[in-house]
Amino acid sequence: MDAQHVHLLGQLAQDYYFSKMTINKMVEKYSLSRYLILKYLDEALASGIVEITVHSNYERSVELEQQLKQHFKIQQLYVIKDPENIGTRDDRVAAFAAIQAQALIKQCQIVGLSWGETIYDVISHFAKSERDDLTFVQFIGENMRYHSSTGSMRMTQWAATKYDAHYYTIPGPLYIINDAVRQGFIEEPSIKQTLEVAKQAQLLICGLGTEESIDSMPLWRAHKASIFPNVDPAQVAGMIYGRPYDINGHFLNKADDKTVGMAISDIQKIPRRFGVVQGKAKFKAALGALRGELFTDLVMSEAIALRILNELN
């Protein structure tokens with residue numbers, strides 16, 4: 001490379017890595033195409049002009065991952081070792097999950113997103129990027145926490161802002177008890193469009209809940225018998241996609257599903273279903289999800305992995 005080209009690579013790298021300049025801004029500044037800028041950034045990395053050092057604050061337990069994989073069929077399973085300060089455990093899991101999720105997002109054009117504290121923590125660790133060909137889509141209804149940063153619409157919008165991407169939301173409740181009303185709502189053009197987009201997703205990112213997550217919402221708790229008719233609470237190991245399932249990963253409300261959103265059959269067709277589980281108390285939810293093959297990828301803490309192995313033994 002001649003000196004002028006080396007200088008150009010250095011300038012591009014400084015603007016991109018240090019100044020956090022977007023590709024579109026660099027296109028304007030240097031009068032180069034997006035293709036060339038991306039090519040030159042790769043060249044700067046390959047030639048040694050740019051060196052990237054990763055300082056990781058987490059460590060995986062490969063031994064536990066291998067032990068769990070002997071029991072369950074799953075594409076990718078990640079067990080993050082517990083830190084000395086247990087108070088930072090959930091944050092480490094979320095930080096690692098964010099890296100893995102963003103690696104998968106790079107290969108996708110449509111990403112389905114759920115909501116909740118876990119997903120909020122994961123998105124908070126997303127590195128800023130730019131993808132005008134990317135769409136985030138809400139695939140189940142609202143949790144009705146409208147004044148919370150973990151609400152479903154805000155979550156989808158927030159993820160989209162991390163990428164300057166597009167998004168679709170479902171402005172309606174997670175559950176509608178009246179079957180005719182629910183079906184009519186799903187058939188509304190705007191809702192139908194969102195669900196059709198969701199069906200095309202290559203990736204879903206989702207957390208796990210428990211029966212306590214239903215009880216945490218006063219309205220859901222008051223009408224739980226109507227939302228989940230003929231479901232024995234004692235059989236509920238976890239909640240996923242708004243539905244309860246047992247310790248073997250079998251959904252308990254298939255016969256009378258009141259959930260607003262994608263059907264389970266459509267969700268299971270999504271090629272990658274990326275799950276994150278925080279909180280030691282959710283080990284039964286994680287065990288049921290693994291047995292039912294509800295995820296293709298799952299990130300968990302060492303504490304949960306040990307509880308699962310103890311239960312299996």
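Student: Is glutamate 196 buried, partly exposed or exposed?
Tutor: This is a predicted model, and in it glutamate 196 counts as partly exposed because its relative accessibility is 37%.

Student: OK, and which residue does glutamate 196 form a salt bridge with?
Tutor: Its partner is lysine 199, and the closest N and O atoms are 3.4 Å apart. Lysine 199 counts as partly exposed too, at 41% relative accessibility.

Student: Is glutamate 211 buried or exposed?
Tutor: Buried, because its relative accessibility is 18% and the cut-off for buried is under 20%. Lysine 224 also meets aspartate 215 in a salt bridge, 2.8 Å from N to O. Aspartate 215 is partly exposed, at 24%.

Student: How many salt bridges are there by this rule?
Tutor: The count is 15. Some residues form a network: Asp179, Arg182, Asp256 and Lys258 are linked that way.

Student: New topic: at what angle do α1 and α3 pack?
Tutor: About 100 degrees, with their axes 9 Å apart. The two helices are therefore roughly perpendicular.

Student: Which residues meet there?
Tutor: From α1, they include Leu8, Leu9 and Tyr16; from α3, Tyr40 and Leu41 are among them. By class, the contact has 9 nonpolar, 1 polar and 1 charged residues.

Definitions and conventions:
Residues numbered from 1 in each chain as written. Predicted model: local features only at pLDDT ≥ 70, side-chain atom pairs only at ≥ 80, totals over all residues. Heavy atoms only, no water. Axes fitted to C-alpha atoms, helices over the stretch in contact; angles between N-to-C directions. Helix = DSSP H or I, 4+ residues; strand = E, 2+ residues; numbered from the N terminus. Parallel < 35°, antiparallel > 145°, perpendicular 65-115°, else oblique. Contact = heavy atoms within 4.5 Å. Nonpolar A, V, L, I, M, F, W, Y, C, P; charged D, E, K, R; others polar. Salt bridge = Lys/Arg side-chain N within 4 Å of Asp/Glu carboxyl O. Buried < 20%, exposed > 50% of the residue type's maximum accessible area, 1.4 Å probe, protein only.
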